[in-house]
Every structure is written in structure tokens, then in C-alpha cells.
Amino acid sequence: MCLGIPAQLVAGDAGHPDLVVADMGGVSRAVNVGLLDDRPGPGDWILVHMGFALSTMTAEEARDALDALGSEREAEDREADALQAAMDAAAQAAAEAMAAAAMDGGRS
């Protein structure tokens, strides 16, 4: 599975005819637009994979994609939190079982 990240062009020239500067989540990156039929300009949105622009996109498409990526990240965070809670509960149960066994062993 490939993951494309929406990015907005901030500069049309990055020192090479196929390179532009794009903002990807607040980070400026050089992106190769050589695969596109029409060269995008500053303010345009592109879908970037591995440093290459795969297509242009509208601002609405970019917003939808970024919202979906944010929802996916939130779901992953919830899953990680649930896993950590389960591991903490298992560790607590193991500690309680060991303490109970130690107390029971002293009575025999």
C-alpha cells in the first residue's frame, strides 16, 4: 500500500527544473513534479509519495485527505492507549498474584 501526503506548494523553484518547495504538515520539502503533465504553482495542492508529486488536487480534496489521516492517527493513538492499559493491568495482576503467593507460602 502506498501513502500519499497532501502538500501545498510554497515556491515554484528549488534550484532544478523538476523541483518545487512544498509545505508538508508545516515542514518545507523539495518535491519532484517531473511526473506531472502540468507544472503546479505556489498555492496549488499536490499528492506526494516518496518525494514525487503523483497528482494535483483541489484544496477540498487535500483537506479531506488530511482529515482522514488525522482520524487514522487518532484511532492508532486510541489503540496504543488501550494496549498500554491492558499491559499495565496484566502487570498489576501479576504483581498481586506474586504478592498473594508469597503471603500464602509463609503460612504453610
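Asn32 sits in strand E3, where strands (E, at least two residues) and helices (H or I, at least four residues) are DSSP runs numbered from the N terminus. Is Asn32 buried or exposed? With a relative accessibility of 18%, Asn32 counts as buried, because buried means under 20% relative accessible area, while exposed means over 50% and partly exposed lies in between (1.4 Å probe, protein chains only). Leaving aside residues up to four places away in sequence, Asn32 touches Asp18, Leu19, Gly51, Phe52 and Ala53; contact here means heavy atoms within 4.5 Å.

A word on what you're looking at: this is a predicted model, in which local features need pLDDT of at least 70 and side-chain atom pairs count only at pLDDT 80 or more, while totals for chains, interfaces and linings use all residues. Residues are numbered from 1 along each chain as its sequence is written, and side-chain values use heavy atoms, with hydrogens and water left out.

Now step back to the whole chain. It holds 5 strands and 1 helix, and from the N terminus on the order is β-β-β-β-β-α. The protein chain has 108 residues, of which 16% count as buried. Take the contacts in the chain with a separation of 6 or more: 32% of them are between residues 24 or more positions apart. The chain exposes about 7,500 Å², and carbon and sulfur atoms supply 56% of that; accessible areas come from the Shrake-Rupley method with a 1.4 Å probe, and for residues only the protein chains shown count as cover.

Next, the strands, and how they pair up. Two strands pair if DSSP finds at least two bridges between them. Start with E2 (residues 19–24) and E3 (residues 27–32), which run antiparallel and are joined by 6 bridges. One spot to look at is Asp23, which stands opposite Ser28 in E3. E2 and E3 form a hairpin with 2 residues between them, and Gly25 in the turn has a positive phi of about 65°.

Ala11 stands opposite Val21 in E2, and Gln8 stands opposite Asp23. Gln8 also stands opposite Trp45 in E4.

E4 in turn is joined to E5 (residues 52–57) by 5 bridges, and the two run antiparallel. His49 has Phe52 in E5 as its bridge partner. E4 and E5 form a hairpin too, with 2 residues between them.

Where does Met50 lie? Met50 lies in the loop between E4 and E5. Its phi is near 55°, a positive value in a residue other than glycine. For comparison, most residues other than glycine have a negative phi. Met50 is exposed, with a relative accessible area of 69%.

Finally, look inside. The largest nonpolar core has 11 residues: Ala7, Leu9, Val20, Ala22, Met24, Val31, Val33, Leu36, Ile46, Val48 and Ala53. Such a core is a set of buried Ala, Val, Leu, Ile, Met, Phe, Trp, Tyr and Cys residues joined through side-chain atoms within 4.5 Å. E1, E2 and E4 are the elements that give two or more residues to this core, and E2 has the largest share, 3 residues. E2 has a covered face, made of Val20, Ala22 and Met24, and an uncovered one, made of Leu19, Val21 and Asp23. Leu36, another member of the core, touches Ile46, Ala53, Leu54, Ser55 and Thr56, not counting residues up to four places away in sequence.
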